[in-house]
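Subject: Handing over the structure

Hi there,

Here is the structure I promised to pass on. Please open it alongside this email, and then read on for what I found.

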Amino acid sequence: MSSSDSKAPAGAGPSPAAQRTAIPFNVPLPAGRELEYLAEAIANRHLSGDGPFTKRCNAWLEAHTTCRQALLTHSCTAAMEMAALLFDLAPGDEVIMPSFTFVSTANAAVLRGAVPVFVDIRPDTLNIDETLIEAAITERTKAIFVVHYAGVSAAMDEIMAIADRHGLFVLEDAAQGIAARYDGRPLGSIGHLGAVSFHETKNLIAGEGGALLINDARFVDRAHILREKGTNRTKFLQGRVDKYTWVDVGSSYLPGELNAAFLLAQFEQVDGIQAARHRAWNRYHRALAPLEHAGLLKRPVVPQICSPNAHVYYVVMPDVAGRGELLRRTKAAGIGAVFHYVPLHSAPAGLRYARAHGPLPHTEDLSARMVRLPLWAGLSDDAVDTVVDLVAAVARGD
């Protein structure tokens, strides 16, 4: 690795050299038979939802996550909205969740009139602090929405025990969690329901896409109805009724076949994709260890019980100014480093629709100091080394 780095003037854009050697934050790449499958989907003359490729994707998910049933959706957001409907969330109900998450987690509850109740995150994994959940439960609490940040699981044994004691539903927001495990169990397969994402920034991609993972048998039949605009069309296609009609609320949560065709090709290459991501993640982790040992930054923490999926590699800088300097320097160098969530409890809609249970010091502090580094399956060792050199230069004050 080179040890030199030149500081660009404040506000300067990437130099011509930086533009030539730009390292994007993410590159959504085909991994195998995507183009072949897209052509096959077109030749099948079935481009709407629940065609052959959708069914093959559902079967793959059921086999690889061990869920009772998987239903491909047009987004992880859609899967979480389905979960809120299946949990019968209603106005006045409360849902406990972290504030450090994407807005879709909260919106799924708010769209049903329920109130997100934010609790703080753990300073190690940045996941919901399981020790704070029970104190946030009231007579209105109906569910816990757990977010597995960066593909590292929250403490699911403890959270499921709390839910069992209080009769609550659990949704795993495993948007970032495909191919990750907790104590050997795939993320999304532990709560009553799970939701995963296949957005182009995720490990396995469909451009836009997601899936609802159903682990509790009581939700299976109704999930099909909700996903089919509130009709019993699935039963009709299965020959269980002689016509289909409107029987419940619902919406159009199905993806098109082209997305499913692309996604199936990704599923087939999961081992290679994951190996490449882990190689880059591990290279970052090894190279940045001396900086953490010197107290110049913090690296991700992975509890022993967790098997992560190398979805995100991030560093936590010592202060807000350090984060700002790192983002400025990476931008000038043509490196796609980015921060992550603005805590929802401080957002305008969070103030309007939700409430925080107690102070959220770790959420506020860590979200202000974090930087995510480039990571995708095709990221080269040289690119990782270039990013590490710049992070080290900023951390040392060079």
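A word on terms before the tour: contact here means heavy atoms within 4.5 Å. Please also keep in mind that this is a predicted model.

Let me begin with an open sheet of 8 strands, whose order is β1-β9-β8-β5-β4-β2-β3-β12 and whose pairing is mixed. β1 and β12 (355-356) stand at the edges with a single partner strand each, so one side of each has no neighbour in the sheet.

On the β1 side, 5 bridges join β9 to strand β1 (residues 69-73), and the two run antiparallel. Within that pairing, Leu-72 has Ala-211 as its bridge partner.

Pro-98 is found in strand β2 (residues 94-98) and stands opposite Val-119 in β3. Is Pro-98 buried or exposed? Pro-98 is buried, with a relative accessible area of 1%. Not counting residues up to four places away in sequence, Pro-98 touches Phe-118, Val-119, Ile-121, Ile-128, Phe-145 and Val-147.

**Helix α4**

Now for the helix that I would look at next. In helix α4 (residues 76-86), 10 of the 11 residues are buried, so the helix is largely enclosed by the rest of the structure. The buried residues include Cys-76, Met-80, Glu-81 and Leu-86. What do the buried residues of α4 pack against? Their partners are β1, α5 (103-110), β5 (169-174), β8, β9 and α8 (220-227). Just after α4, Asp-88 takes a positive phi of about 55 degrees.

Nonpolar side chains in soluble globular proteins tend to be buried together. In this model, the largest nonpolar core has 48 residues, and those with the most contacts inside it are Leu-61, Ile-144 and Phe-198. Helix α10 (residues 257-268) gives the most to this core, with 6 residues. Leaving aside neighbours within four places in sequence, the contacts of Leu-61 include Leu-72, Ile-178, Phe-198, Ala-211 and Phe-267. A second, separate core has 36 residues, among them Leu-85, Leu-193, Ile-214 and Leu-360.

Ile-144 turns up again in the surroundings of Ala-163: setting aside neighbours within four places in sequence, Ala-163 is in contact with Ile-144, Leu-168 and Val-170. Ala-163 lies in helix α7 (residues 156-166) and counts as buried, at 1% relative accessibility. Ala-163 and Gly-191 are 28 residues apart in sequence, and 9.5 Å apart in space from C-alpha to C-alpha.

**The largest pocket**

This part may interest you if you have a grid open already. The largest pocket has a volume of about 490 Å³. Of the 30 residues that line it, Phe-102, Ala-175, Ser-197, Thr-201 and Lys-202 are the closest to its centre. By type, the lining divides into 11 nonpolar, 14 polar and 5 charged residues. Which element gives the most to the lining of the largest pocket? That is α4, with 3 residues. α4, α5 and β13 (370-373) each supply at least two residues of the lining.

Strand β6 (residues 181-182) is joined to β10 by 2 bridges, and they run antiparallel. Tyr-182 stands opposite Cys-306 in β10.

Enjoy exploring it!

Best wishes

Technical notes: Residues are numbered from 1 along each chain as its sequence is written. This is a predicted model: local features need pLDDT of at least 70, side-chain atom pairs count only at pLDDT 80 or more; totals for chains, interfaces and linings use all residues. Side-chain values use heavy atoms; hydrogens and water are left out. Two strands pair if DSSP finds at least two bridges between them. Helices (H or I, at least four residues) and strands (E, at least two) are DSSP runs, numbered from the N terminus. A nonpolar core is a set of buried Ala, Val, Leu, Ile, Met, Phe, Trp, Tyr and Cys residues joined through side-chain atoms within 4.5 Å. Buried means under 20% relative accessible area, exposed over 50%, partly exposed in between (1.4 Å probe, protein chains only). On a 1 Å grid over the protein atoms alone, a cavity is a set of points where a 1.4 Å probe fits but cannot get out, and a pocket is an open set with protein on both sides within 12 Å along at least five of seven lines; lining residues have an atom within 4 Å of a point. Grid points are joined across faces, edges and corners, and a volume is the space filled by probe spheres set on the points. Ala, Val, Leu, Ile, Met, Phe, Trp, Tyr, Cys and Pro count as nonpolar, Asp, Glu, Lys and Arg as charged, and the others, Gly among them, as polar.
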